[in-house]
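Good morning, and thank you for coming. Please look at the sequence and the structure as I show them, and keep both in view while I speak.

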Amino acid sequence: MSPAPYSHKLRVSQLNARRPLALELAPDAEARARIAAHLGLLALPQLRLTGTLSPAPNDSWLLEGRLTAQVEQGCVVTLAPVATAIAEDVRRVYSPHAADPEGDEIEMPDDEIEPLGPIIDPGEVLVEELALALPLYPRAPGAALPDDPGADDAAGDEGGDTRRPFAGLAALLRKDGDDSGN
């Protein structure tokens, strides 16, 4: 497992169980470059997580906040840079009563509940939430796939039908048989 590109670890034993802790994470340019490389981004000019880490019932901790970012990804059609603004709410509950799933077949627990260990890492949450918020298929304005991807090849095909890639195979096999004297 590769090391996390960004981390901001907080020891649970040093947190005040009676008062929320204000969080404001804004990675510097070097950390943003590591995060961008980790996520396959062209650039990550802005990234911020603001929120609170508060004590919750049953010895749990609640992380609530807002993730904001400006990202640049390559267009899936033209590879041109595509800038995207991201603004997502973040909510995680760290519970000592939650356990990591074990076994070959597991039932997935609530995605907001995390097992509480000795450390809570809002920096790791920032990277995870950014990864989940990224557009899967970014497109530059005006970028479109051609209507008929085989249009250039259609002139050379007998019927121009590109949905039948093995249509000419029988003719080629007959032709090879004729050349060998069969």
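Let me begin with a term: two residues are in contact, or touch, when they have heavy atoms within 4.5 Å of each other. Leaving out residues up to four places away in sequence, L44 touches R32, I35, A36, Q70, V71 and L130.

Residues are numbered from 1 along each chain as its sequence is written, and side-chain values use heavy atoms, with hydrogens and water left out.

The quantity pLDDT is the predictor's confidence in each residue, on a scale from 0 to 100. For this protein the mean pLDDT is 83, and 79% of the residues reach 70 or more. Over residues 153–157, however, the value is below 50, and this stretch has 2 contacts in the model beyond near neighbours in sequence. Where pLDDT is low, the predicted coordinates should not be read in detail.

Now to the interior. I call a residue buried under 20% relative accessible area, exposed over 50%, and partly exposed in between, using a 1.4 Å probe and protein chains only. A nonpolar core is then a set of buried Ala, Val, Leu, Ile, Met, Phe, Trp, Tyr and Cys residues joined through side-chain atoms within 4.5 Å. Helices (H or I, at least four residues) and strands (E, at least two) are DSSP runs, numbered from the N terminus.

Which residues of the largest nonpolar core touch the most other members? Of its 28 residues, they are I35, L44, L47, L53, V71, L126 and L130. At least two residues of this core come from each of β2 (21–25), α1 (29–39), β3 (43–56), β4 (60–74), β5 (81–95) and α2 (122–133). The largest contribution, 5 residues, is made by β4.

Next, consider how the strands are arranged. Two strands pair if DSSP finds at least two bridges between them. Strands β2 and β3 pair in the antiparallel sense over 5 bridges, and L23 has G51 in β3 as its bridge partner. Strands β3 and β4 also run antiparallel, joined by 12 bridges; here Q46 is partnered by Q70 in β4. These two strands, β3 and β4, form a hairpin with 3 residues between them, and N58 in the turn has a positive phi of about 65 degrees.

Is S60 buried or exposed? With a relative accessible area of 7%, S60 is buried. A polar atom of its side chain lies 3.3 Å from the backbone oxygen of P57. Beyond four places in sequence, S60 touches S54, P55, V93, Y94, S95 and P96.

Apart from neighbours within four places in sequence, A31 is in contact with P5 and Y6. The C-alpha atoms of A31 and L44 are separated by 9.8 Å.

I turn finally to charged side chains. Side chains of opposite charge can pair when their charged atoms come close. A salt bridge is a side-chain nitrogen of Lys or Arg within 4 Å of a carboxyl oxygen of Asp or Glu, and the whole structure contains 7 of them.

One joins R48 to E24, with the closest N and O atoms 2.5 Å apart. R48 is in strand β3 and E24 in strand β2, 24 residues apart, and the pair links distant parts of the chain. R48 is partly exposed at 34% relative accessibility, whereas E24 is exposed at 53%.

Another salt bridge joins E30 and R34 (3.4 Å, N to O). Because E30 and R34 are 4 residues apart in helix α1, about one helical turn separates them.

The last pair is E128 and R92, whose side chains meet in a salt bridge (2.9 Å, N to O). E128 lies in helix α2 and R92 in strand β5, so this pair ties together parts 36 residues apart in sequence. E128 is partly exposed, at 30%, but R92 is buried, at 5%. Through salt bridges that share partners, R92, E114, E128 and E129 are joined into one network.

Thank you for your attention.

Note on methods. This is a predicted model: local features need pLDDT of at least 70, side-chain atom pairs count only at pLDDT 80 or more; totals for chains, interfaces and linings use all residues. A polar contact is a pair of N or O atoms within 3.5 Å; within protein, one must be able to donate a hydrogen and the other to accept it, and residues adjacent in sequence count only if both atoms are side-chain atoms.
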